[in-house]
Each structure stands twice: as structure tokens, then as C-alpha cells.
Amino acid sequence: MNAPNPGIWAKKFPELGTDPVPVAPYLSSEYFELERDKVFKKCWLKVARVEEIANSRDYKVVPFEFAEAEVIVIRGEDDQIRGFYNTCSHRGNKVVWQTGTGHAKGGGLQCRFHGWVYGTKGEVRSVPEEGAFFNLDKANCGLTPVATDVWEGFVFINFDPEPAQSLTEFLGAMGERLAGFPYGTFSEAHTYRTVLNCNWKIAQDAFSEAYHVNTIHAGTFPDGFSTELLDVQLLGPHHSCGVCKLEGGNPPPVASLSHRFSTASIAKKDLDNESMLPPDVGNDPRHAFELAVLFPNYLVHILDGMYFTHQFTPIDVNHTLWEGVQYFAPPKNAGERFSHEYGQVLQRNAWLEDTATMEDTHQALKSGAKSQMHLQDGEILIRHLLHAVDQLVNAE
Ligand code: FES
Ligand SMILES: [Fe+2]
């Protein structure tokens with residue numbers, strides 16, 4: 001089906017042009033090194049939800065292979081969340097040996113190698129055999145801090161020791177647009193994570209258009225979504241749009257049963273005029289969910305009753321760590337539990353369909369057969385990501 005109003009987004013955003021886009025930024029090692037240094041080491045990157053580190057001394061260790069670094073974010077006794085490199089001040093071992101969430105018992109984080117202990121502010125609390133050291137200035141032996149801030153319960157870090165913008169400034173109008181959604185009530189998280197053998201932008205692009213729904217998702221969402229985008233917003237380097245549901249779809253019986261008990265709805269806003277979506281989001285009756293991308297690599301999709309996210313963190317030019325999470329409110333009864341499980345499995349299948357394209361795209365492009373890609377109007381977010389990355393890569 002042809003999308004209506006062909007060229008609507010190109011007309012709205014003429015600065016992005018309509019030419020084919022180059023393949024080189026997806027494959028070039030030199031380009032990736034610039035992305036690493038000028039994008040990923042300079043921008044705010046999401047590392048956690050506050051619910052993951054809900055209590056004092058809860059922490060999460062997150063690896064960033066592009067930076068050859070691990071970051072610990074930890075909630076202090078003062079409730080403040082701080083970030084540090086996971087690198088011991090003694091001989092540089094990892095203070096915490098496992099990635100993921102944990103809880104620092106007693107005095108704090110203890111390095112397993114020789115037992116130095118750090119408090120939640122990164123300070124050295126104790127050093128075994130301290131008297132055997134030479135003029136050890138413990139006050140200057142704390143963990144190395146990483147800039148850390150929180151927006152709407154999402155914890156972000158920045159590898160720049162002095163970020164050019166605060167997190168609020170960085171998110172700008174997109175932060176305002178997405179604020180107020182009750183993210184914190186959706187505390188039941190289902191996570192999928194794997195390494196994809198492709199460039200991070202190839203992976204992200206596959207979640208940035210609806211052009212593929214009739215082909216890739218013909219099995220999972222038959223007649224579910226339109227290829228049309230609603231209300232494309234390009235706000236600084238960030239962008240969002242509405243994904244459309246298809247009217248008159250005929251869901252299979254088990255899907256209808258699941259919808260009956262669902263606490264999430266892609267049809268709520270126009271059914272009862274009550275919505276938890278922020279005021280500027282989802283005001284077209286065809287709106288199914290909002291597809292927002294917090295530059296560079298965090299996708300936040302919100303709809304009434306749940307949200308889901310994707311993050312595509314580069315490992316190197318050819319490899320990407322993907323993490324997809326579905327966030328529900330804890331179910332209150334068996335019907336809701338069934339509906340969550342059904343929705344989760346359906347989404348998992350769709351995500352497998354999406355991720356299955358990515359490695360093939362990367363591999364086929366590596367052949368060198370093509371130097372350009374041809375983007376249609378509904379692939380404006382792909383064009384914008386390339387543009388936003390390019391602006392930073394080429395900045396002085
Ligand atoms: S390296 Fe951490 S205590 Fe020695
Ligand atoms: Fe998809």
C-alpha cells in the first residue's frame with residue numbers, strides 16, 4: 001500500500017534532503033572511531049532505571065565496550081545516584097567483578113583482589129594493611145567519578161568529565177515532550193539482550209520505520225499496523241513519531257482474549273478519552289504507540305498502560321549490544337498475567353523478526369556491492385539519525 005501524502009516529511013524537513021544516503025558510515029572503521037569519540041563519549045547514555053537500584057547501596061554495573069570501560073551506578077545513603085568507573089584505585093582491578101545489579105553490603109563495595117572498600121560516594125573507606133603503604137593519601141584515592149544524572153527515572157551517564165550540556169539541556173524539547181508519562185508504575189520488566197553482528201545504526205534503523213511491517217511482521221502482526229507515520233518530530237538530535245494501527249484488522253481469537261484482559265492498550269486514547277500519554281503525544285485516533293529516540297541510541301516507545309525500550313550500544317563498528325525491555329505494571333489477576341505473557345511473547349517474536357534482518361543487512365553491505373541506500377519518505381528518522389551523527393562527527 002502506498003503511504004498517503006507522499007513527501008509530507010521531506011516537505012516538513014527540507015534540510016534533510018531526499019538524496020540516497022551513503023553506506024560508508026555504517027561500515028567504515030574510521031567513521032566509527034569518530035562516532036565513538038565525538039558521539040558516544042560526549043552524549044548522555046542511559047544505563048538504568050531507578051527501580052533497578054531502588055534501595056540505598058543498590059548498584060548496577062554496566063559495560064561499555066566501545067569505551068573499554070565499565071560503569072558502576074550506585075544509590076547512596078543520601079538517596080543520590082552516582083556513577084564511577086569500575087576500576088580500583090589500588091592496582092586497577094574491577095571493584096565489582098560481575099555486571100548487572102547488586103547490593104553493597106555493610107561498609108560498601110569491596111574489591112575482591114586485596115579488599116579495598118569504597119563507600120557509595122566513591123570514597124575509600126578502608127585499606128587492609130594500610131600501615132604498609134607509603135604516605136597513602138586516601139582522600140585522593142576514591143573511585144573515578146562518571147557524570148551521572150536522572151530524567152524521569154532513567155539514569156544516564158556521560159563519559160565526558162565535563163559534559164557540554166546537562167542531561168536536561170541535552171534532552172531539551174524531547175525531554176519535555178516525553179515527560180509526565182508514569183514510567184515508574186511499570187516496574188515489571190522483561191528483558192532480551194544479545195550481541196548483534198552489525199553496525200549499531202543498522203540495528204537502530206530497523207526499529208525506526210514502519211515500512212517493513214507488511215513484510216517482516218506479516219506473521220506476527222497481520223493487519224496490525226499501517227506503514228504510515230504520524231506527527232514526526234525532529235527535536236535537536238532526538239526524534240519521535242507515532243506508529244499507526246490499521247483500522248479493521250481481524251485479530252486471531254487468542255489475541256482478542258488477551259486484549260480483553262490487557263492493562264495496555266493501543267486503542268485507549270480514542271476509546272475513552274482518558275490517556276496517560278503526555279499532552280502532545282498520540283492525539284491522532286490512529287495512534288498506536290509513540291516511537292521516540294533519545295539520541296544517540298535509546299528508543300522509548302510509550303502507549304497507554306506500558307512502555308518498551310531498545311538500546312543499541314556499539315561494541316565496535318561491526319558489533320552491537322542490543323537490549324530490549326518491556327515494562328508492565330505488575331499484574332493484579334490471572335487475566336492480566338495471561339495478557340502480559342501473551343503480549344510479551346508476541347513482542348518477542350516481532351523483535352526476533354526485526355533483529356533477523358540486521359545481520360543480513362550488514363553482511364550484504366560489507367560486500368561493497370552498494371555505496372548508497374534509497375530512503376522513502378517514511379524512513380525520515382533513518383535520514384535524521386545519519387544527519388545528527390554526521391553533524392557531531394564533522395564538528396571541530
Ligand atoms: S586491585 Fe583492588 S584492592 Fe587491589
Ligand atoms: Fe519491526
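β13 and β14 make a hairpin with 2 residues between the strands, and glycine 236 in the turn shows a positive phi of about 60 degrees. Leucine 235 sits opposite histidine 238 in β14. A quick word on terms: helices (H or I, at least four residues) and strands (E, at least two) are DSSP runs, numbered from the N terminus, and two strands pair if DSSP finds at least two bridges between them.

This is a predicted model, in which local features need pLDDT of at least 70 and side-chain atom pairs count only at pLDDT 80 or more, while totals for chains, interfaces and linings use all residues. Residues are numbered from 1 along each chain as its sequence is written, and chains are lettered from A and ligands numbered from 1 in the order in which they are written.

**The sheet that holds the hairpin**

- Axes are lines fitted to C-alpha atoms, for helices over the stretch in contact, and angles run from 0 to 180 degrees between N-to-C directions.

**The other sheet**

- Another open sheet has 7 strands in the order β2-β11-β10-β5-β4-β3-β6, and its pairing is antiparallel.
- Its edge strands are β2 (45-49) and β6 (100-103), each of which pairs on one side only.
- The twist here averages 30 degrees from one strand to the next.
- β5 (residues 81-85) and β10 (residues 145-151) pair in the antiparallel sense over 2 bridges, with glycine 83 opposite valine 146 in β10.
- Helix α4 (residues 167-178) lies across β10 and β11 (154-158), at about 30 degrees to β10.

**Helix packing**

- α6 (residues 253-261) packs on α8 (residues 334-366) at an angle of about 130 degrees, with the axes 8 Å apart.
- That makes α6 and α8 oblique to each other; angles under 35 degrees count as roughly parallel, over 145 as roughly antiparallel, 65 to 115 as roughly perpendicular and the rest as oblique.
- On the α6 side, Val254, Ser258 and Phe261 meet Gly335, Glu336, Phe338, Ser339, Tyr342 and Gly343 in α8. Two residues are in contact if their C-beta atoms, placed from the backbone, lie within 7 Å.
- By class, the α6 contact with α8 has 4 nonpolar, 4 polar and 1 charged residues. Ala, Val, Leu, Ile, Met, Phe, Trp, Tyr, Cys and Pro count as nonpolar, Asp, Glu, Lys and Arg as charged, and the others, Gly among them, as polar.
- α3 and α9 (residues 380-393) have axes that come within 9 Å and cross at roughly 80 degrees, so these helices are roughly perpendicular to each other.
- Tyr31, Leu34, Glu35, Lys38 and Val39 of α3 make that contact with Val389, Leu392 and Val393 of α9. Its class count is 6 nonpolar, no polar and 2 charged residues.

**Domains**

- The chain splits into domain 1 (8-41 + 172-393) and domain 2 (45-162); the bounds come from an automatic or database domain assignment.
- The C-alpha centres of the two domains are 32 Å apart, and 14 residues of domain 1 are in contact with 12 residues of domain 2.
- α3 (29-40) and β17 (306-316) each supply at least two residues of the domain 1 side that touches domain 2. β17 gives the most, with 5 residues.
- By class, that side of domain 1 has 6 nonpolar, 5 polar and 3 charged residues.

- Most residues other than glycine have a negative phi, and most peptide bonds are trans.
- Phenylalanine 295 and proline 296 are joined by a cis peptide bond, with omega about 0 degrees. Proline 296 is in the loop between β15 (287-294) and β16.
- Glutamate 68 has a positive phi near 50 degrees, though the residue is not a glycine. Its place is in the loop between β3 (58-64) and β4 (69-75).
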